Amino acid sequence: MKHTTALATVASAKDRFARATEEPARAGSVVLRPPRVPHAAPVPPRGAAARLKRWFRLNKGTIRAILLGMLSIGLFIALWHVLTVNRMSVYVRFVNVPSPEQVLESAEQAFASGRFFDHIVISCRRILIGFSIATLVAVPLGLLMGRYKLLREVVFPVSEVMRPIPAIAWVPMAIMLWPTNEESIVFITFLGSFFPILINTLHGMSTVDEVLVRAARCLGAREAATFREVYFPAALPQIFTGLTVGMGVAWVSLIAAEMISGQFGIGYFTWESYSLVQYSDIALGMICIGVLGLASSFAIRAVGRIVTPWATRH
Amino acid sequence: MSASAKKGLIEVSDFCLSYETLDGAMSAVEDADLLVRPGEFVSIIGPSGCGKSTLLNAVAGFLKPTRGTVTVDGEAVKGPGADRGMVFQQYSLFPWKTVRENVEFGLKMRGVSADERKRSARTLLGLAGLSQFEDQYPDRLSGGMKQRVGIVRALATGPRVLLLDEPFGALDAQTRQIMQQILTNLWERLEISVLFVTHDIDEAIFLSDRIYVMTARPGSIKAEVTVPLPRPRDSTLQLSPEFLGLRAELGALIREESLKAMGGELNADALKGLAINLNGANLSDVI
């Protein structure tokens, strides 16, 4: 068509639209617009300063979150400072509560002597042993229970009855069961993390997409290979959820056990400080427990991200 | 290549499959017979719920017939195996494996060395135009690409037959046409038998040498239609009088069964009556 070639020289989109609407198209006719002349891509300014500016703009959300996080922790410490330095007492009594400065001072002293560090090492070792054994038992058991109905039907009722019992309630029983104090504390740590790991592994197994199993069978996978190549990786993200939750419960259980029956450990240290009227050490112990719990959860999430790269959201 | 050298003969005879319920046995498929000759492209179409996927799953080895036999190259099907590649309606790529690892899976199961696996997978991915995506995880791919990888994965072990269960059902119309072309190209190159389940009449005609039409549940074979259209086929074929004629014929057969499947009271006359009523009156008056 003649007018199509005439239109081909048109440059701007506005112009193209105007031409196209000039004369109404006949019903059923196809009116081709001339090809669009692409805009030149804007050349970003080069140089370190410009790049830095762009980096800030692109990471605005993250930077804001970090700044706000620091601000909120700062405000918390400031409030703590005001409440304790002025020994305020509004029904809740801050009279004997140590101030942040006192806690910092006792932290300096504590880290200078090796004893405090020993408490931390002992607690971490108990967590590591109890949590590792729980992982090594609960994950395979959960995988097998998820795959074999008979095993699930036999084990599940027992686990459901045991699960609501808090690990702390096991302390007297654990002391009777195990020959040494150390073993009973590790046992309680193990129990605390065992059930969250087991339940999450089981849940992970129940969400395995059946079509993936069938696909694997069609490609010649037998039982062992299907387990290794399909069930296990499919359940892995959920297993890591269980490990993260289990780690949290392991710390809760460990501190309770150490407070009741320990001679060492950060939980024992915190309780002992109360008995010895060293109030600033109570806060120090608590902060240490918080930091250690946070760090171990972070570590598990980091490992989880590394071993399940496909599950990382982009 | 002579016909006798080719493999991939599928025979299904006197096939019945029923489920046990409280009210007795419920029949899904009754007395179905079908045949796929080596190198042939055969489709099964029918109304939804007619048991076409049931038949396919029986050939794949996931379902055992209550009565009758299913054989591939004369051997009775005992369970799923790599000699029968399968492509599913749902995307069934392993999310934890990259595209290439997905394609390598069948060869890995067979114990082929890593180097050799990699080489075969790369060749096949090249054929399907997926080379640049080999290291991606499946969730980065579009639906069409996922299904292409699915097909390539099923072909990687060199199966005698390829079974496809509405593989393009979730794709948009344009992607679907391109996928049909790709499947045809692969089938022509690899000379294997294909059994293809779909509810799309155009798709069945465009792809197949022969089409089986199934009845409503309990499903059995209602008709067998040979597609006389020459190959290679392209999309312009869909406007030819032969194509449109076949389409009308198959459409009528399926429509009859679909109405049956929707229940006795909804017959063709009832539908006509409904349309006339609505033409005359306001919709709010009718309701």
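Where in chain A does UniProt place the feature "transmembrane region"?

## Chain A: annotated spans

UniProt places that feature at residues 61-83, 127-148, 184-202, 249-270 and 282-304 of chain A. The annotation comes from an unreviewed entry. The model itself is predicted.

Two of these spans can be checked against the predicted fold. Residues 61-83 of chain A are 100% helix and 0% strand. The end C-alpha atoms of this span lie 33 Å apart. Residues 184-202 of chain A are also 100% helix, with 0% strand. Here the end C-alpha atoms are 27 Å apart.

## Chain A: domains

## Chain B: annotated domain

For chain B, the UniProt record gives "domain: ABC transporter" over residues 10-241. This too is from an unreviewed entry. In the model, residues 10-241 of chain B are 31% helix and 27% strand. The end C-alpha atoms of the span are 32 Å apart.

## The interface: extent

How many residues of chain B are in contact with chain A? The count is 25, and they meet 20 residues of chain A.

The size of an interface is often given as the accessible area lost when the parts come together. Between chain B and chain A the buried area is about 2000 Å². Carbon and sulfur atoms give 70% of it. In chain B, Phe88(B), Trp96(B) and Met109(B) lose the most area to chain A. Together these three account for 30% of what the chain B side buries.

## The interface: polar links and elements

There are 2 salt bridges between chain B and chain A. One of them pairs Glu229(A) with Lys108(B). The closest N and O atoms of that pair are 3.0 Å apart.

Which elements of chain B each supply at least two residues to the side that touches chain A? They are β6 (84-87), α2 (99-109) and α4 (143-155). Of these, α2(B) gives the most, with 4 residues. By type, the chain B side divides into 14 nonpolar, 5 polar and 6 charged residues.

Note on methods. Residues numbered from 1 in each chain as written. Chains lettered and ligands numbered in written order. Predicted model: local features only at pLDDT ≥ 70, side-chain atom pairs only at ≥ 80, totals over all residues. Heavy atoms only, no water. Contact = heavy atoms within 4.5 Å. Buried area = accessible area lost by both parts, 1.4 Å probe. Salt bridge = Lys/Arg side-chain N within 4 Å of Asp/Glu carboxyl O. Nonpolar A, V, L, I, M, F, W, Y, C, P; charged D, E, K, R; others polar. UniProt positions renumbered as here; feature names shortened; annotations may be inferred.
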